[in-house]
Amino acid sequence: MKGNELSKNLHIYGCLYRQIAEKRFEENGIYFGQPPILKFLSEHPGASQNEIAEFLNVSPASIATSVKRMEKSGLIERSPDEKDARKNTLNLTEKGIKAQKRADETIKGIDDEIFGNLPDEDACKANEFMKLLNQNIIKLAKENNIKVRKGNENV
């Protein structure tokens, strides 16, 4: 069984998880790419677009598009950096804080549905197994000069 079937199962899990999350986020008025930005800003108020892009390992242009949409919908606000007038800082609005909490609740709800009937011992074993797979794939990514997202480096 080693790699092929396991990779296929991981792929199916990842694809279906994303589809379920997208649908549930949409039901809550959140686009799929917004939760990581909301989460980052909740933990790093006053961050710049470049800081978000670097952390999420995406292009600054991609973040600029999302930020514009999120600002237009009232989730975030942009203001000039007090130390450097050339830069803008980003912060969550009250609506953004609520959206970030809904996104967290959505993810928790999905996880509870998926893992709720899994005995604790099996969940711990599965988690240890996934940590090992993540270590292996991070190593492989680095060997292939693929940038690893900052939050994912220390699994």
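Mentor: Here is a close look at one helix pair and its surroundings.

This is a predicted model, where local features need pLDDT of at least 70, side-chain atom pairs count only at pLDDT 80 or more, and totals for chains, interfaces and linings use all residues. Residues are numbered from 1 along each chain as its sequence is written, and side-chain values use heavy atoms, with hydrogens and water left out.

Start with α3, residues 49-56. Helices are DSSP runs of H or I with at least four residues, strands are runs of E with at least two, and both are numbered from the N terminus. Ile52, Ala53 and Leu56 of α3 are buried. Seen down the axis of α3, these buried residues fall within an arc of 100°, so they line one face of the helix. That arc is taken over the directions from the helix axis to the C-beta atoms. Buried means under 20% relative accessible area, exposed means over 50%, and partly exposed lies in between (1.4 Å probe, protein chains only). The buried residues of α3 pack against α2 (34-43), α4 (60-72) and β2 (88-92).

Take isoleucine 52, which lies in α3. Its relative accessibility is 0%, so isoleucine 52 counts as buried. Contact here means heavy atoms within 4.5 Å. Leaving aside neighbours within four places in sequence, isoleucine 52 touches Ile37, Phe40, Leu41, Ala47, Ile63 and Leu90. The C-alpha atoms of isoleucine 52 and proline 36 are separated by 9.1 Å, and the two residues are 16 apart along the chain.

Serine 48 lies between α2 and α3. Serine 48 is buried, at 9% relative accessible area. Beyond its neighbours within four places in sequence, serine 48 is in contact with Lys87, Asn88 and Leu90.

Asparagine 57 comes just after the helix and takes a positive phi of about 60°. Asparagine 57 is not a glycine. Most residues other than glycine have a negative phi. The residue sits in the loop between α3 and α4. Asparagine 57 is partly exposed, with a relative accessible area of 31%.

The 13 residues of α4 should span 18 Å at 1.5 Å a residue, and its end C-alpha atoms are 18 Å apart, which agrees. The expected span is 1.5 Å times one less than the number of residues. Buried in α4 are Ile63, Val67 and Met70. Seen down the axis of α4, they fall within an arc of 65°, so they line one face of the helix. The face turned away from this buried side carries the exposed residues Ala61, Thr65, Lys68 and Lys72. Cover for the buried residues of α4 includes α2, α3, β1 (76-80) and β2. Ile63 is also among the contacts of isoleucine 52.

Asparagine 145 has a phi near 55°, positive in a residue other than glycine. Asparagine 145 is found in the segment after α6 (120-143). At 73% relative accessibility, asparagine 145 counts as exposed.
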